[in-house]
Amino acid sequence: MTCTNAPPDSLTLLTQELRQALEERHGPLLSGQALASSLGHGSVAGLRQARHRGHVAVALFTVPKRRGYFALTRDVAEWLARARLAMQDVEEGESTRLDS
């Protein structure tokens, strides 16, 4: 049984914040330069290279009668939150080792 009054964890909070910010700016779908930038690529060409190499961590899809690839804003927000929190865990682990 899950307690519905429990505070959301940091992943949920960060995901919600990122999703809200991205959706306000770009809507529910990301494509083109907005998608490339959100995933940390300097250009659409860089994203294209990563896609061909299989190095894109979110699901990309096509939309009928539209050019290019798309991703759901919520998927990108969750990926960004997970990446940030994973890095935070690594940084905290390193500082703990250095303090010892």
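Me: Why does R19 count as partly exposed?

Reply: Buried means under 20% relative accessible area, exposed means over 50%, and partly exposed is in between, with a 1.4 Å probe and protein chains only. R19 has 35% relative accessibility, so R19 counts as partly exposed. Before going on, note that this is a predicted model: local features need pLDDT of at least 70, side-chain atom pairs count only at pLDDT 80 or more, and totals for chains, interfaces and linings use all residues. Residues are numbered from 1 along each chain as its sequence is written, and side-chain values use heavy atoms, with hydrogens and water left out.

Me: What makes R19 and E23 a salt bridge?

Reply: A salt bridge is a side-chain nitrogen of Lys or Arg within 4 Å of a carboxyl oxygen of Asp or Glu. The closest N and O atoms of R19 and E23 are 3.1 Å apart, so the pair qualifies. Both residues lie in helix α1, four residues apart, about one turn of the helix. E23 is partly exposed, with a relative accessible area of 30%. Side chains of opposite charge can pair when their charged atoms come close.

Me: How many salt bridges does the structure hold?

Reply: There are two. E78 and R82 also meet in a salt bridge, at 2.8 Å from N to O. These residues are separated by about one helical turn because they are four residues apart in helix α4. E78 counts as partly exposed at 33% relative accessibility, and R82 does too, at 46%.

Me: How do you know that T15 is buried or exposed?

Reply: The relative accessible area of T15 is 15%, so T15 is buried. T15 is found in helix α1, residues 10-26; helices (H or I, at least four residues) and strands (E, at least two) are DSSP runs numbered from the N terminus.

Me: Which residues does T15 touch, not counting residues up to four places away in sequence?

Reply: T15 touches A77, E78 and A81, where contact means heavy atoms within 4.5 Å. The side chain of T15 also reaches the backbone oxygen of L11 at 2.7 Å.

Me: What makes L85 buried?

Reply: L85 has a relative accessible area of 16%, so L85 is buried. L85 is found in helix α4, residues 73-99. Leaving aside neighbours within four places in sequence, L85 is in contact with S10, L11 and L14. L85 and L14 are 71 residues apart in sequence and 8.9 Å apart in space, C-alpha to C-alpha.

Me: What is the pattern of the protein along the sequence?

Reply: The protein follows α-β-α-α-β-α, with four helices and two strands. Of its 100 residues, 20% count as buried.

Me: Which element gives the most to the lining of the largest pocket?

Reply: That is α3, with four residues. A pocket, on a 1 Å grid over the protein atoms alone, is an open set of points where a 1.4 Å probe fits, with protein on both sides within 12 Å along at least five of seven lines; lining residues have an atom within 4 Å of a point. The lining includes V44, L47, R48 and R51. About 190 Å³ of space lies in this pocket.

Notes: Points joined across faces, edges and corners; volume = space filled by probe spheres on them. Polar contact = N/O pair within 3.5 Å; in protein donor to acceptor, adjacent residues only side chain to side chain.
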